[in-house]
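Take a look at the structure, then read on.

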Amino acid sequence: MRLDKYLADMHVGSRSEVKELIRKGKVSVNGAVIKDPGLAVSAQDTIEAAGEQIGYQEHFYYMLNKPAGILTATEDKKQQTVLDLFPENLRKKLSPVGRLDKDTVGLLLITDDGALAHRLLAPKSHVDKVYLAGTDLPVTEEDVKQFAKGLTLTDGTELMPAGLEIWTGDVKAEPFGKLITKTSETNGHLSLVTIREGKFHQIKRMFEACGKKVVYLKRLSMGSLTLDPALPEGEWRELTGEEVLSLQRERSAL
Ligand code: URA
């Protein structure tokens, strides 16, 4: 592969930005500064750009803390999408894994690894997603029972059993305590919901079936991947190698 394509594919910059880096003598291959963007390189070469080693990566994985008001889509003519939060040279081939409603915030995995995305989303994979929900009315023990049994939505859709835990405000509880410190972000009554499926507006419709309205919804985790409490809304970071490995080995805990 050409050196400039390798660097662009490894998200060092756009094709023209990496050509400029090469022209300025900031790129070396196996220890030698290279000024030819067309030099043929492979994953076996040691390639450095601006003093940083650029190893070969087949796929890219990012965690986004989705803010409200943004569409979970790759592009839209009118509205801002989650991919608009990424610089242009990173966007190529990236897609969000699953969909959060426009007003839902929190963890969204963004990757170009279609096989992993497919596996995480397949209902058969039973990957648990945990949400913090704020509702207009307090959640009851009866709701907890209904969720655990498997709810039937108002349109007759039957759901798999789901977890519902009334949030007691114990911010020391792990693993989500650090993510639920700002109770001021919602006026609702808080609870934790664990679902395996990902049906359209699922959590809103589950509470609707129990006579409640969701006023706030934040995804805290997807399988082994938990939202980084240090990641502000609207920001993203690359997953660590360990986070990627545990997602690849994902099995349901329930
Ligand atoms: N359930 C919902 O109702 N909305 C979301 O965004 C995610 C789950």
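Let's settle one word before anything else: a residue is buried when its relative accessible area is under 20%. Keep in mind, too, that this is a predicted model.

**A strand on the inside**

Start with strand S7, residues 105-111. Seven of its seven residues are buried, so the rest of the structure largely encloses S7.

Which strands pair with S7? Strand S5 (residues 61-66) runs antiparallel to S7, and six bridges join the two. If you want to find that pairing on screen, look for Met-63, whose bridge partner in S7 is Leu-109. Strand S6 (residues 95-96) also pairs with S7 in the antiparallel sense, over two bridges. Here Pro-96 stands opposite Ile-110 of S7. Then there's strand S11 (residues 214-222), which pairs with S7 in the parallel sense over two bridges. In that pairing, Gly-106 has Arg-219 of S11 as its bridge partner.

**Another enclosed strand**

Now hop over to strand S10, residues 189-195. Five of its seven residues are buried, so S10 is also largely enclosed by the rest of the structure. Strand S8 (residues 129-135) pairs with S10 in the antiparallel sense over seven bridges, and Tyr-131 stands opposite Val-193 in S10. Strand S9 (residues 163-166) pairs with S10 over four bridges, again antiparallel. Look there for Ile-166, which stands opposite Ser-191 in S10.

**Where the ligand sits**

Which pocket does the ligand take up? The ligand's space is the largest pocket. The residues around the ligand include Leu-100, Tyr-131, His-201 and Leu-217. So which helix gives the largest share of the shell around the ligand? Helix H6 (residues 202-209) does, with three residues.

| Residue | Part of the residue | Ligand atom | Distance |
|---|---|---|---|
| Asp-101 | polar side-chain atom | nitrogen | 2.7 Å |
| Thr-104 | N or O atom in the side chain | oxygen | 2.8 Å |
| Lys-204 | polar backbone atom | oxygen | 3.0 Å |

How much of the ligand does the protein cover? On its own, the ligand has 240 Å² of accessible area, and the protein covers 97% of that.

Conventions
Residues numbered from 1 in each chain as written. Predicted model: local features only at pLDDT ≥ 70, side-chain atom pairs only at ≥ 80, totals over all residues. Heavy atoms only, no water. Buried < 20%, exposed > 50% of the residue type's maximum accessible area, 1.4 Å probe, protein only. Pairing = 2+ DSSP bridges. Near = heavy atom within 4 Å. Polar contact = N/O pair within 3.5 Å; in protein donor to acceptor, adjacent residues only side chain to side chain. Areas by Shrake-Rupley, 256 points an atom, 1.4 Å probe, with all protein chains shown as cover. 1 Å grid on protein atoms, 1.4 Å probe; cavity = no way out; pocket = protein on both sides within 12 Å on 5 of 7 lines; lining within 4 Å. Sits in = over half its atoms within 2 Å of the grid points.
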